[in-house]
Amino acid sequence: MGDDSVLLRTEGRAGYITLNRPRAINALTHPMVRAVHAALDAWEGDEAIDVVVIAGAGERGLCAGGDIRAIHDDARGGGRASVDFWRDEYRLNARIARCTKPYVALMDGIVMGGGVGVSAHGSVRIVTERSAVAMPETGIGFVPDVGGTHLLAQAPGELGTHLALTGDAVGAGDALLLSLADHFVPSDRLADFTASLATVHAAEAVRRHEAAAPEAELAAHRDWIDHCYAADTAEEIVGRLSSCGETAAKAAAETILMRSPTAVKVTLAAIRRARALGKLEAVLEQEFRVSCAALSSHDLVEGIRAQVVDKDRSPRWSPTALSDVTDAEVSRHFAPLADREPGAARGLGLEG
């Protein structure tokens, strides 16, 4: 790679991957994606390696997502580097899901966007009391990707739709409820758990170190979540949330109205299409089309500017209201790539 942004080591029966950009909460770059993919290729074919473990350096989290400042600069300059990044990133997400050896993801601290992509498709997903898991893309004018719409579409009831539209983060209990994680290991046991994977099977390591998970806070809100988010349109969802009489529902409505109206509408369509598509690979192909379309949109550049570049937290969305986002604009995001841009037209090669 030419840098140390991904650290690889083996010990005993385990191969350890450490995302190593702690100052950026281990945000993913294109070389990091390639390095993780190469490690999987090497270790899956190595009879001495029985388990793959991924963790993040530092104390803040596994991974805060992709390097969105780089995406902002690419989009603003009319470049295509983001298309190439997404193509390899989404292929990695599918690769993780297909891994024939236990893939243990330590989802400690912040796990957002691309961080979900390198963890929640794994076979052994560990959360701690410090976990904060989210797909916050609507807040930057983008749409959940990295297989996120697949994961959220499979969540119980409309919980996934709620998280997708609001971009809210959840803790360990809710991550387990939404099937974004499998086991709770307290953070003070995490080092011992990680070390034990070098000598014992993943299932045994989990048995020795897991504990009862914190309560799933969203479980008590299922009634209004399932009712409100089952509405046909984003406008109707907001209307139901605002009028159902629940304080948390009204807060959700206010949050959605602060997000990119275009991203909210496209996200709702993406979640519902993902349910019908079923297979992760087909959903990733859909997400690739959506992401390529978003790259040329006003709201992606503006959202990242407001949240990351200038940090004024005051994005100027265009259009400014849900009612002004046309069906044609939503449909544009799902159009075949060959109809739009030759550089992206070959897709991911995952379908079929």
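This is a predicted model: local features need pLDDT of at least 70, side-chain atom pairs count only at pLDDT 80 or more; totals for chains, interfaces and linings use all residues.

Me: Which helix gives the most residues to the lining of the largest pocket?
Reply: The largest pocket holds about 960 Å³ of space. Helix H2 (68-76), helix H3 (81-98), strand S6 (110-112) and helix H15 (298-309) each supply at least two residues of its lining. With 4 residues, the one that gives the most is H15.

Me: Which residues lining the largest pocket are the closest to its centre?
Reply: The volume of this pocket is about 960 Å³. Its lining counts 37 residues, and the closest to the centre are Ala64, Gly66, Ile68, Ile140 and Val308.

Me: How many residues in the lining of the largest pocket are charged?
Reply: The lining divides by class into 20 nonpolar and 6 polar residues, plus a charged set. The number of charged residues is 11.

Me: Which elements give two or more residues to the lining of the second largest pocket?
Reply: This pocket has a volume of about 350 Å³. Of its 19 lining residues, Ala55, Gly56, Leu106, Leu190 and Thr194 are the closest to its centre. The elements are strand S2 (14-19), strand S3 (51-56), strand S4 (61-63) and helix H8 (190-196).

Me: How many nonpolar residues are in the lining of the second largest pocket?
Reply: The lining has 6 polar and 5 charged residues. The nonpolar residues number 8.

Me: Are H13 and H14 roughly parallel or roughly antiparallel?
Reply: The axes of helix H13 (residues 261-277) and helix H14 (residues 280-295) come within 9 Å and cross at roughly 155°. Angles over 145 degrees count as roughly antiparallel. H13 and H14 are therefore roughly antiparallel.

Me: What is the handedness of the crossing of H13 and H14, and which residues make the contact?
Reply: The crossing is right-handed. H14 brings Ala282, Val283, Gln286 and Val290 to the contact. By class, the contact has 7 nonpolar, 1 polar and 1 charged residues. From H13 come Val266, Ala270, Arg273, Ala274 and Leu277.

Me: Are H1 and H3 roughly parallel or roughly antiparallel?
Reply: The axes of helix H1 (residues 30-44) and H3 come within 9 Å. They cross at roughly 30°. Angles under 35 degrees count as roughly parallel. That makes H1 and H3 roughly parallel.

Me: How many charged residues does the contact of H1 with H3 have?
Reply: The crossing of H1 and H3 is left-handed. H1 contributes residues including Arg34, Asp41 and Glu44, and H3 contributes residues including Asp84, Asp88 and Glu89. The contact has 6 nonpolar and 2 polar residues, and its charged residues number 9.

Me: Is the crossing of H11 and H12 left-handed or right-handed?
Reply: Helix H11 (residues 234-243) and helix H12 (residues 247-258) pack at an angle of about 145°. Their axes are 7 Å apart. H11 passes H12 in a crossing that is left-handed.

Me: Which residues of H11 make the contact with H12?
Reply: The contact divides into 7 nonpolar, 1 polar and 1 charged residues. H12 supplies Ala249, Lys250, Ala252, Ala253, Ile256 and Leu257. H11 supplies Val238, Leu241 and Ser242.

Me: Where is Ser179 found?
Reply: Most residues other than glycine have a negative phi. Ser179 is not a glycine, yet its phi is positive, at about 65°. Ser179 sits in the loop between helix H7 (172-177) and strand S9 (183-184).

How values were computed: Residues are numbered from 1 along each chain as its sequence is written. Side-chain values use heavy atoms; hydrogens and water are left out. Axes are lines fitted to C-alpha atoms, for helices over the stretch in contact, and angles run from 0 to 180 degrees between N-to-C directions. Angles under 35 degrees count as roughly parallel, over 145 as roughly antiparallel, 65 to 115 as roughly perpendicular and the rest as oblique. A crossing is left-handed if the near helix is turned anticlockwise from the far one by less than a right angle, and right-handed if clockwise. Contact means heavy atoms within 4.5 Å. Ala, Val, Leu, Ile, Met, Phe, Trp, Tyr, Cys and Pro count as nonpolar, Asp, Glu, Lys and Arg as charged, and the others, Gly among them, as polar. On a 1 Å grid over the protein atoms alone, a cavity is a set of points where a 1.4 Å probe fits but cannot get out, and a pocket is an open set with protein on both sides within 12 Å along at least five of seven lines; lining residues have an atom within 4 Å of a point. Grid points are joined across faces, edges and corners, and a volume is the space filled by probe spheres set on the points.
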